[in-house]
Amino acid sequence: MNPQKVRNGPNFMQQVNKKKHVDCALSSNSDSSDDEVEEIVAIKKDVQKQRFSVSAEAYGQFNKKENFKAKFIPKSKDQSERIKQRMQAGFMFSALNEKEIEIVVGAMEEKIFHKSEYVIKQGEEGNVLFVVDTGELDCFKNYGKGDVFLKTYYPGESFGELALLFQSPRAASIIVKSDKAILWQLDRETFNLIVKEASIKKRQQFETFLENWDLLKEIKDPYDKLKMSDALFEKQFKKGDVILQQGQKSTEIFILEQGRVSVNKNNQKLFELIKLGDYFGDQSIVAGTVESFSYVAEEDMKLMYIPKKSYSSTLKEIEATLMKNIQTKYGKYL
Ligand code: CMP
């Protein structure tokens, strides 16, 4: 990873801010370096403005929170449980505490759509976010030359957050693929006061790392990298802690943030992971085997991790590379 790039490169949140002003593709396409410098300066000013307005807004919202009377739509116990399950499956709501989850569940409204119906149309104003309960939906984006298929949404996933996060027009269209889709809709006010702050904080926390993590270079869509930050968490370890035991199945893919982790086989130290972005726990999750090595913290440290349940919506897209890397990294020790 190039540290210069980490410090200076325009990242996704910057690009998203730029998108608010120039409604075009999400990535920079300037060829000239002068243009790039100007563009980066403009983007940075823009970001400062945006960050200020986000924090000013958050501050205002903090005061508002006291008086906030969330929308409440009565539901059966069964429905509430199902919404909670769906919220846990995705990551948009991963930073919420129990009380906040209850408020969000109360505010959700059931919406039923049928095959080929548009749930969201690119370019329109957006005031709600959706969580998929049942059914499948396709997402298309028009970059200027007709719709390009981006992805299919499945139960537990959510969409429609960008218009709420950045007060921008809808950035893509979402159409029902299955015969029927049951969605849970969350209003802008509850989203802004309960979900938005946590979501922005989390996305800002990991954005630069994700933009520059070599492993993700095959993932072209900056939006997919941004979404990954919702699935990233952190854990502290003390020197000497066994993070993962040989013979175990890992429930996380761990990613090095700082510090050193030794890789051991049968109590023999083989080598150390020391680079930002080095990762482990992938053998169990990607290849489905038990771990061939133990991983031990060589100093007090923090690791990022992606839970197993988020693998299919984050790293699965680059599974072939992950499999190849397992061979390259560990082949000679297996
Ligand atoms: P929003 O812009 O509110 O409405 C369309 C939604 O499509 C958007 O939020 C995202 O949730 C989702 N989406 C999925 N992929 C993309 C993408 N590549 N660019 C923009 N939006 C995307």
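The model is predicted: local features need pLDDT of at least 70 and side-chain atom pairs count only at pLDDT 80 or more, whereas totals for chains, interfaces and linings use all residues. Residues are numbered from 1 along each chain as its sequence is written, and side-chain values use heavy atoms, with hydrogens and water left out.

Polar contacts are pairs of N or O atoms within 3.5 Å. In Gly160, a backbone N or O atom lies 2.9 Å from a ligand oxygen. The side chain of Glu161 places an N or O atom 2.6 Å from an oxygen atom of the ligand. For the side chain of Arg170, the corresponding distance to a ligand oxygen is 2.7 Å. The protein covers 100% of the 450 Å² of accessible area that the ligand has on its own (Shrake-Rupley method, 1.4 Å probe).

The ligand sits in the largest cavity. A cavity is a set of points, on a 1 Å grid over the protein atoms alone, where a 1.4 Å probe fits but cannot get out. A molecule sits in it if more than half of its atoms lie within 2 Å of its grid points. Helices (H or I, at least four residues) and strands (E, at least two) are DSSP runs, numbered from the N terminus.

E4 and E5 pair in the antiparallel sense over 6 bridges. Pairing requires that DSSP finds at least two bridges between two strands. Asp138 has Thr152 in E5 as its bridge partner. The hairpin of E4 and E5 has 4 residues between the strands, and Gly144 takes a positive phi near 125° there.

An open sheet of 4 strands runs in the order E1-E8-E3-E6, with antiparallel pairing. Strand E1 (109-114) and strand E6 (158-159) stand at the edges with a single partner strand each, so one side of each has no neighbour in the sheet. E1 pairs with strand E8 (residues 180-187) in the antiparallel sense over 6 bridges. Glu110 stands opposite Trp184 in E8.

Methods: A polar contact is a pair of N or O atoms within 3.5 Å; within protein, one must be able to donate a hydrogen and the other to accept it, and residues adjacent in sequence count only if both atoms are side-chain atoms. On a 1 Å grid over the protein atoms alone, a cavity is a set of points where a 1.4 Å probe fits but cannot get out, and a pocket is an open set with protein on both sides within 12 Å along at least five of seven lines; lining residues have an atom within 4 Å of a point.
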